[in-house]
Amino acid sequence: MAQNTRVTAKKLFIFAACMFGFGYVMVPMYDLLCDVTGLNGKTGEVSQVKAESMHVDMNRLVTVEFDTNVNPALPWKFKASEFKMNVHPGEIAEAVFVVENTSNKPVVGQAVPSLVPALASLYFDKTECFCFTAQLLEPGERKEMIVRYVVGSELPENISTMTLSYTFFKAPDSDDVAVSEKESVKAISSKS
Amino acid sequence: MSYAAVHEDDHHDHDHKPTGIGRWLFSTNHKDIGTMYLVFSLIMFFIGGAMAMVIRAELFQPGLQFVDPQFFNSMTTVHALVMIFGAVMPAGVGLANWMIPMMIGAPDMAMPRMNNMSFWILPFAFTLLLATFFMQGGAPAGGWTMYPPLVLQLGDGFPFLIFAVHFLGISSIMGAINIIATVFNMRAPGMTFMRLPLFVWTWIITAFLLIAAMPVLAGAVTMLLTDKFFGTAFFDAAGGGDPVLFQHVFWFFGHPEVYILVLPSFGIISQIIPTFARKPLFGYASMVYATASIAFLSFFVWAHHMFTVGMPLAGELFFMYATMAIAVPTGVKVFNWTATMWKGSMTFETPMLFAIGVLFMFTLGGFSGLMMGITPVDFQYHDTYFIVAHFHYVLVPGIVFGIISGVYYWMPKWTGHMYDEKLGKLHFWTSTISVNVLFFPMHFIGLAGMPRRIPDYSTQFTDWNMIISIGGFAFGLSQLILVWVVIKCIRGGEKATDQVWEGAHGLEFTLSSPPPFHSFTTPPEVTDATAHS
Amino acid sequence: MSVDKLKQTVLGLVAVSLFLVSGAVLAEYPLNLTEGVTPTSHKVYELHMIILYIVTVIGIAVFGVMAWSIFHHRKSKGAVAAQFHHSTTAEITWTIIPILILVGMAIPATKTLVFMEKTGDAEMTLKVTGYQWKWKYDYLDEGISFFSALSEEDNKARQRNSGIDPFTIENYLKNVDNPVVLPVDTKIRILTTAADVIHAWWVPALGWKRDAVPGYINDNWTYIDEPGIYRGKCTELCGKDHGFMPIVVHAVSKEEYAVWVEEQKAIQLAAADGANREWSKEELLEKGKSVYAANCVSCHQANGNGVEGLFPALNGSAIVNGSAAEMIDLILNGKNLMPAFKEQLNDADLAAVMTHERNSWDNTAKDAIQPADVKAAR
């Protein structure tokens, strides 16, 4: 009896430990689910070559809106130069955004995209985006940044408008990067 | 005799009760530990209840009279944590500890020392949680659901909250493992699974839910902890995370948790209704299958707690249909209980009154639950007093009444004395009337647009809030009757027979009242005739 | 026999009257969901009423059977217990019938949900951003942008023991300083997001609520039928003042809306001009007092002493009495729980509130900060 008890308890403890692990497995599972269903509006990435080979549907126009946000911790200004574009599905289009560092320190920002309706993000692919990498802006620097994207021609008929939203956050390691950048700049300037 | 001998090593004292404080501190006896769980639960019920009284006092009229908004938020947050993890769950484990060995014909729980540990973790965990009231930044105030990023704004109390949740999780998992190990390995000869009393069945299923769900909660709060202190970004959009992910992980635990709370109560009333209807439980097998399917489905409906967070259409439809599906096995249970009463020969002692209270008012909570499962209308109901009404109907007259009915039902067995029936009935009627005055009008103010978790409200809601508060105070006071009944019953009263109730069946009623310190030292023989009759 | 009949009649009467009372009671506004003023809210209201009636009928049936059994099958009336304990037919029946009812409910629910998801082809787009504890509205097509917070009057009354009777304020806790103005008969796309924690934007008359999640965006739509004022609340716990960030929607005719848009554009230009002139200290102090009451008082308190352990005191604070540059930097960019105000307030407001703080209570700085100083520091 006592032996059986130990075996049962052992099995159940292993099961509990696995369920703790499962909590963590939910993180990549969630990302996968988001990729498959478009759940949190993360957009895809394609190569330029593949994007160029897409069929362009000249009979259909869809509206893409651009929305910009800056997290309060980041001393930047961030705007889309045009709020709205009408594009044909399958056609490669380009949107221009302007960012400006209003502080007197170099700062690193990371843009996080979100697209609605969520379903549309399955058909929305970018060949080039400033959100692929963190961006460093020198004090007072103003920069134009580009998103090159294509809306797949398989986009369901009932979707006619989508909004691509970016939020610029201060990169978690911004202070380190900015400091080392400053030091390297100093080192260069002292050398020359 | 050999049966008991095997268990010699698990008991340091076999024939004599240990005495003094050591009896409780180092107890490995299922009855003593069960008693401690129940007493702890009762204390927590009053601590959580006191917080509810602060909430209702502040909401008695518009304007802020007694507390600041931050403290009000701490009250709603800690009230929920204390009631769920401190009052309801330990009460369920306490009843399981007391009754399961007696119901399956075992001498004690399978792992008595672990049993002791899983209880003594609880007071420790709640000390951590309640100590946050005296810390810089105050007690948790971001809701018991601990959604980031809000919960990360908590001050010094934050790690204490996380570790308290960890300890509560460990305690429940150990308790659950013990219960499963006991039922799987220590049943008396002839006690097959399909002869187990329904209370034991609901507890096995609850225990599996606990082992599956609590570690997921532990994982989720660990992620919060590392997000705050160790630079991970599970839930921080800036680092590529998603705050909504926490809600998915949390509710993956949270929905099964709802059934962890309610299933033992279902089990209790499934024991009580046949006893006082003097008629066997209707549809025993379908009750077991319905309970199991409710538990299974509970892992696929979590997102109905977060319909408004923004999901693709397909997701919202899936979770709506899955939620509606749960109504089917739940309905089967309600119909089976009704059929058990049908053509019975009923008497209405206090346990039966409370059980009938569960039957009516849990069903009422089920109706509002079904309404909220319909996604498009949930966009209106979500986070208003309508949901507050719903889950309190399920939790208080649905679950707390179930626990109380179990206490009245088995108290003569535990103490050897009958409780005071007049006071018991008074307790039932004051509780039932006040609980409806307290929670029913919440449906109205919720539909009319009062959001939950607010310390102050627009003047149009004043009248109902006053009525609700009066109901709340009356309900709180009514519970003092329970304390009086319990104390009186422990101290003396009419001698209870072994069977206690005329219609009672089951192994626990073959033991003396009060039962011997070690329940069944010689395992009883169970046949079809002695099981569910 | 006659006693039984009497009992049955009484029971029947009770059941019928309960039903009637609940019907009559629910028809009145303060007890039931609003019908609202959009196609969505009408559909949601109808669905709500259908489901309510279905569960009421099921409830009467189930509770009726229970009550019947409780009254008739009692030992005191000499009832003898039958010993049946299962019936496959009955069990299958009460599995199948609920399934059919549920399917009947799921069909209209699915239709309504599909209708609510059609967020495209809107004529204009409004972005709603939740902040602790106010809303920001961006009219993306027009370039108009402003914050909307609890009105000053309500904010004073809702302080603990303020001495102001809430009943003297019309629509207590549902008034804002800057309402959001929307045209009727227009399909409006509404985007929700947040700057700090999760909020939820809910105006019952529009028929839905939606979370505002930092870093993510949600899309919704509305089409308002009737001009009017519609009030709502934040419905996701977002911290201390969650209960004090209402929403007020003014729905106006398309013509009035066009006029309003032009006015707003002019106001925003004028506000930008405020930074370009020298302000007198009296002017700053007067403006600063009301900015403080609207934006600072709930944390730092009217007496400037804050809340111990949560919100630092401004009275006697080293920063408030220290260098102007440091104070400007803190108020613009925030720190820990202190939000960054650079987006929320303009240069003149910020200069005014800092001047107010440096001259109030026991503070000794007593100087004036000019809007131009703030502008230079941005």
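This report describes two interfaces in a predicted model.

## Chain B against chain A

Chain B and chain A bury about 2700 Å² between them. Carbon and sulfur atoms give 80% of that area. N185(B), A238(B) and P312(B) supply 20% of the area that chain B buries here, more than any other three residues. The contact takes 32 residues from chain B and 26 residues from chain A.

Polar links are also counted. There are 0 salt bridges between chain B and chain A, and 2 residue pairs in polar contact. On the side of chain B, the elements that give two or more residues are α1 (2–6), α6 (158–185), α7 (198–229) and α8 (243–277). The largest share, 9 residues, comes from α7(B). By class, this side of chain B has 27 nonpolar, 4 polar and 1 charged residues.

## Domains of chain C

Chain C is divided into domain 1 (2–116), domain 2 (124–273) and domain 3 (277–377). The C-alpha centres of domain 2 and domain 3 of chain C lie 25 Å apart. Their contact takes 13 residues from domain 2 and 13 residues from domain 3.

## Domain 2 against domain 3

The area buried between domain 2 and domain 3 of chain C is about 1100 Å², with 45% from carbon and sulfur atoms. In domain 2, K134(C), E152(C) and K240(C) lose the most area to domain 3, together 33% of what that side buries.

In domain 2, β2 (134–139), α4 (152–157) and α5 (254–273) of chain C each give two or more residues to the side that touches domain 3. The residues of that side divide into 4 nonpolar, 2 polar and 7 charged.

Conventions:
Residues are numbered from 1 along each chain as its sequence is written. Chains are lettered from A and ligands numbered from 1 in the order in which they are written. This is a predicted model: local features need pLDDT of at least 70, side-chain atom pairs count only at pLDDT 80 or more; totals for chains, interfaces and linings use all residues. Side-chain values use heavy atoms; hydrogens and water are left out. Contact means heavy atoms within 4.5 Å. Buried area is the accessible area (1.4 Å probe) that two parts lose on being put together, summed over both. A salt bridge is a side-chain nitrogen of Lys or Arg within 4 Å of a carboxyl oxygen of Asp or Glu. A polar contact is a pair of N or O atoms within 3.5 Å; within protein, one must be able to donate a hydrogen and the other to accept it, and residues adjacent in sequence count only if both atoms are side-chain atoms. Helices (H or I, at least four residues) and strands (E, at least two) are DSSP runs, numbered from the N terminus. Ala, Val, Leu, Ile, Met, Phe, Trp, Tyr, Cys and Pro count as nonpolar, Asp, Glu, Lys and Arg as charged, and the others, Gly among them, as polar. Domain bounds come from an automatic or database domain assignment.
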